[in-house]
Amino acid sequence: MIAVRHLILALAAAGAMALAADAKAEPAAAPPATLPGAALYQARCGTCHSLDANRIGPAHRGVFGRKAGSATGYSYSPALKASGIIWNAANLDQWLQGPQKLVRGTKMYLVVPGASDRAAIIEYLRAASGK
Ligand code: HEC
């Protein structure tokens with residue numbers, strides 16, 4: 001009888017640990033496609049960009065934390081390559097308010113006027129970069 005009670009306690013403890021582990025794993029497991037920024041990214045950026053292929057603009061996976069102008073195989077403007085920018089939330093927000101203002105001579109012109117749209121797109125790029 002005592003042994004059975006111990007077994008039940010042990011199982012209950014294991015169950016609680018499994019629940020705790022699940023709760024902790026949740027945010028990392030959410031794929032970027034489910035973020036609000038995913039649809040905005042497709043609509044606003046998808047004409048020229050994708051996460052994994054260089055198109056009119058460079059591939060974006062890993063862009064968060066990466067040096068500007070460093071996606072393999074993409075032909076950047078000399079201006080962006082020489083900018084010395086390391087992409088983060090703050091300078092991506094500036095970039096999306098006016099690429100030409102941040103880096104005079106860049107090949108990108110698109111502006112995203114809404115602050116909350118920019119924030120959602122930047123969050124999507126961050127998640128897609130595993131950051
Ligand atoms: C009309 C085409 C076009 C659209 C739309 C566009 N871009 Fe770009 N983007 C470019 C081009 C071209 C470059 C390369 C700029 C250069 O070399 O100077 C670029 C570069 C970038 C870079 C720099 C990447 C790096 O590797 O340094 C970021 C970040 C970026 N775009 C984000 C976005 C986001 C986010 C959107 C959507 C809100 C967007 N772009 C929409 C054409 C576009």
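Of the 26 residues around the ligand, those that come nearest are Cys45, Cys48, Gly57, Ser77 and Thr106; a residue counts as near when its C-beta atom, placed from the backbone, lies within 6 Å of the molecule. The model is a predicted one, in which local features need pLDDT of at least 70, side-chain atom pairs count only at pLDDT 80 or more, and totals for chains, interfaces and linings use all residues. Residues are numbered from 1 along each chain as its sequence is written.

By class, the shell around the ligand holds 18 nonpolar, 6 polar and 2 charged residues. Here Ala, Val, Leu, Ile, Met, Phe, Trp, Tyr, Cys and Pro count as nonpolar, Asp, Glu, Lys and Arg as charged, and the others, Gly among them, as polar. At least two residues of this shell come from each of H2, H3 and helix H4 (89–97), and H4 gives the largest share, 3 residues.

The protein chain has 6 helices and 0 strands, in the order α-α-α-α-α-α along the sequence. Helices (H or I, at least four residues) and strands (E, at least two) are DSSP runs, numbered from the N terminus. Of the 131 residues in the protein chain, 20% are buried, that is, they have 20 or more other C-beta atoms within 10 Å of their own, against 12 or fewer for exposed residues and a number in between for partly exposed ones, with C-beta atoms placed from the backbone.

Helix H4 also takes part in a helix pair. H4 and helix H6 (residues 115–128) pack with their axes 10 Å apart and at an angle of about 130 degrees, which makes H4 oblique to H6. Axes are lines fitted to C-alpha atoms, for helices over the stretch in contact, with angles from 0 to 180 degrees between N-to-C directions; under 35 degrees is roughly parallel, over 145 roughly antiparallel, 65 to 115 roughly perpendicular and the rest oblique. On the H4 side, Ala89, Leu92, Asp93 and Leu96 meet Arg118, Ile121, Ile122, Leu125 and Arg126 of H6. The residues of this contact comprise 6 nonpolar, no polar and 3 charged.

Arg61 lies in the loop between helix H2 (36–45) and helix H3 (78–81). Arg61 is partly exposed because 16 other C-beta atoms lie within 10 Å. Beyond its neighbours within four places in sequence, Arg61 is in contact with Leu51, Asp52, Ala128 and Ser129, contact meaning C-beta atoms, placed from the backbone, within 7 Å. Although Arg61 and Ser129 are 68 residues apart along the chain, their C-alpha atoms are separated by 5.2 Å.

Conventions: Two residues are in contact if their C-beta atoms, placed from the backbone, lie within 7 Å.
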